[in-house]
Amino acid sequence: MGLGVRAAPFTYVAHALAVAAAVMVLVWAIHFRGGLAIEATNKNLIFNVHPVLMLIGYIIIGSEAIMVYKVFPTLNHDTAKLIHLILHGIALVLGAVGIYFAFKNHNESGIANLYSLHSWLGIGTITLYGIQWIFGFVTFFFPGAAPNFRRNLLPWHILFGLFVYILALANAELGFLEKLTFLESSGLDKYGTEAFLVNFTALVVVLFGASVVVAAVAPARLEEPQGYAPIPEN
């Protein structure tokens, strides 16, 4: 039984929340945390690249890849599939780069790596994302599996993809919590503007992710129930 709602309204909500989340994480990184840098004596500026790339590059662009079939329901299927593949590939690369900057910050600051649940789930999630992308490429794009095999695997591809996506969202929430906890233990005001900004950004990401998941599972258009005919006006 379907949800009884079209995907389109949820894609609109998701895009509005994506813009809000992107603006909020940039304000946090640039205004409150001092900016972004690839190389810097202030190693915190290097770390700031991590949340920006993980949210905008990994989660938001990955979300666009998930929603492409619902945002453009009339688009040629092969074209939509190519866009889906490319956007996921971009998200995967930017996610990997974002993780690199976390390691770079830790290594140059003398901080241990891979000691937290957030870091463990981060490595696990990006690995599963890469496996999913490779599987999708060879099965549905090139060289491509037999039609019957693709048809049988598609529901599992979608299910596993949504599982990895939800895992990425959950880990982003852990990341916000972990960073804010570190900052507050170092003296940041627990009820200050920055703390509220981080918490509200995390809440927006939750709502954004929920909108994307609903958009992914809802139909692009509602079909009339079998045997149903609209009542004529005359």
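**View 1. The largest nonpolar core of the predicted model.** Within the largest nonpolar core, a set of 39 residues, Leu 55, Ile 59, Tyr 165 and Phe 208 touch the most other members; such a core is a set of buried Ala, Val, Leu, Ile, Met, Phe, Trp, Tyr and Cys residues joined through side-chain atoms within 4.5 Å, where buried means under 20% relative accessible area, exposed over 50% and partly exposed in between (1.4 Å probe, protein chains only). Two or more residues of this core are given by each of α1 (8-32), α3 (49-71), α4, α5 (117-141), α6 (147-185) and α7 (193-217), and the largest share, ten residues, comes from α7. Helices (H or I, at least four residues) and strands (E, at least two) are DSSP runs, numbered from the N terminus. Because this is a predicted model, local features need pLDDT of at least 70 and side-chain atom pairs count only at pLDDT 80 or more, whereas totals for chains, interfaces and linings use all residues. Residues are numbered from 1 along each chain as its sequence is written, and side-chain values use heavy atoms, with hydrogens and water left out.

**View 2. The surroundings of Leu 55.** When its neighbours within four places in sequence are set aside, Leu 55 is in contact (heavy atoms within 4.5 Å) with Ala 21, Val 25, Ile 60, Phe 176, Thr 201 and Val 205. Across the protein chain, residues 24 or more positions apart account for 73% of the contacts with a separation of 6 or more.

**View 3. A salt bridge between Arg 33 and Glu 194.** The side chains of Arg 33 and Glu 194 meet in a salt bridge, at 2.7 Å from N to O; the term requires a side-chain nitrogen of Lys or Arg within 4 Å of a carboxyl oxygen of Asp or Glu. This pair links distant parts of the chain, with Arg 33 in the loop between α1 and α2 (43-47) and Glu 194 in helix α7, 161 residues apart. Arg 33 counts as partly exposed because its relative accessibility is 23%, while Glu 194, with a relative accessible area of 7%, is buried.

View 4. Salt bridges that share partners join Glu 39, Lys 43, Lys 104 and Glu 108 into one network. Lys 104 is buried at a relative accessible area of 9%, whereas Glu 108 is partly exposed at 33% relative accessibility.

**View 5. Asn 105 in helix α4.** Asn 105 is found in helix α4 and counts as buried, since its relative accessibility is 5%. Not counting residues up to four places away in sequence, Asn 105 touches Lys 43, Asn 44, Ile 46, Phe 47 and Ile 111.

**View 6. A nonpolar patch on the surface.** Leu 82, Ile 86, Ile 90, Phe 141 and Phe 142 form a nonpolar patch with about 450 Å² of accessible area together, areas being computed by the Shrake-Rupley method with a 1.4 Å probe, and with only the protein chains shown counting as cover for residues. Patches are made of residues with over 30% relative accessible area and no salt bridge, like charges being joined within 9 Å and nonpolar side chains (Val, Leu, Ile, Met, Phe, Trp, Tyr) within 5 Å. Helix α4 (residues 77-109) gives the most to this patch, with three residues.
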